Amino acid sequence: KSDIDIMVQTDLNRVWTVRWYMAGFSRVLRLRPNETKFSTTPWCAHFFFDETSSELGSVALRNRHQEIIDVHLAHLLSVACIIYDEKDVAEDLLVKNMWVKNFFRNVHGVYPVPDRRIVVSGFGKLCKSIFEIVHTPSRVEIFLKYVQLWIMPRELKEKALQEGNDVIVTDSLLKFHTTDRRREYAKIFFSHFEEFGKQIHQMEIEEEKLSLWQTQSSAEFLQ
C-alpha cells in the first residue's frame with residue numbers, strides 16, 4: 001500500500017523546526033507508514049528545504065555527462081499538489097526548476113480548489129504568530145537540530161556521509177530516501193521514450209511511403 005509523499009519548503013533556518021513538528025504530529029497521530037491508525041492512507045514527510053535550497057537541480061540524479069536524468073524528482077515537482085502556500089512560493093519553485101520541462105513540458109503546478117487548501121485565519125493566525133515569536137531565536141532551530149540528530153537512526157546518518165544524494169542532511173535541506181530507485185526509474189523512462197521514438201520514426205516512414213504511392217497513382221491516372 002502506497003503512502004502520500006510530502007515535500008515542504010520552509011522559511012530560512014526553519015527546516016529542522018518544521019521537521020520536528022511534522023514528524024512529531026505524524027508519530028502521535030500514527031500517520032507514518034506502518035503506523036496508520038486513523039487514516040487508511042499514511043503520509044511520509046521526507047523532503048524539506050528552505051528558500052535558499054529551492055533550486056533542486058543541485059540534488060537531482062545526473063549521468064556521467066552531468067546531465068539531469070532524475071525523472072522521479074521531475075515527476076514529483078510536476079504533480080505536487082499545493083495545499084498550503086501562504087507566501088506564494090509555489091510558482092517561484094517551478095521557475096527555479098525549469099529543468100523539469102525537459103521531461104514534462106506542460107507543467108503549470110497543481111492547485112486544488114480553495115476548499116481543499118489549508119487557510120489560516122482568526123484564532124489560527126493568532127496561534128501562528130505566537131508560535132513564530134517563540135521560535136524566532138536561532139538557538140531553537142539549533143537545539144531541535146541536535147535533538148533530531150541524536151535520535152536519528154544510524155542508517156540515515158551513515159548514508160548522509162556517503163557519496164550520492166539519496167540522503168542529505170544539511171541546515172537548509174533534508175532529504176531521506178533510504179531506498180533510492182531513481183536510476184532504475186530513469187532507465188525505464190528513457191527505454192520507453194526510445195521505443196516510442198522508434199515507433200514515431202516507423203510511422204513517418206510508412207506515411208512517406210503512402211504519400212509516394214499516392215503521388216505515383218495520381219500520375220498514372222493522369223496519363
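Guide: Accessible areas here come from the Shrake-Rupley method with a 1.4 Å probe. By that method the accessible surface of the protein comes to about 15800 Å². Carbon and sulfur atoms account for 58% of that surface. The model is a predicted one. The protein has 223 residues, and 29% of them count as buried. It holds 7 helices and 4 strands. From the N terminus, their order is β-α-β-α-α-α-α-α-β-β-α.

Now to strand β4, residues 173-176. Leu-173 and Lys-175 point one way from the strand. Leu-174 and Phe-176 point the other way. In a regular strand the side chains alternate between the two faces of the sheet. In β4, these four residues are all buried, Lys-175 included.

Next, the partners. Strand β3, residues 167-169, runs antiparallel to β4, and 3 bridges join the two. Ile-168 has Lys-175 of β4 as its bridge partner. The link from β3 to β4 is a hairpin through 3 residues. Strand β2, residues 43-50, also pairs with β4 in the antiparallel sense, over 3 bridges. There, Phe-48 stands opposite Leu-174.

For a view of the surface, turn to helix α4, residues 123-134, where Leu-126 is found. Leu-126 belongs to a nonpolar surface patch with Phe-123, Ile-130 and Val-134. Together the four have about 430 Å² of accessible area.

Methods. Residues are numbered from 1 along each chain as its sequence is written. This is a predicted model: local features need pLDDT of at least 70, side-chain atom pairs count only at pLDDT 80 or more; totals for chains, interfaces and linings use all residues. Side-chain values use heavy atoms; hydrogens and water are left out. Buried means under 20% relative accessible area, exposed over 50%, partly exposed in between (1.4 Å probe, protein chains only). Two strands pair if DSSP finds at least two bridges between them. Patches are made of residues with over 30% relative accessible area and no salt bridge: like charges are joined within 9 Å, nonpolar side chains (Val, Leu, Ile, Met, Phe, Trp, Tyr) within 5 Å. A salt bridge is a side-chain nitrogen of Lys or Arg within 4 Å of a carboxyl oxygen of Asp or Glu.
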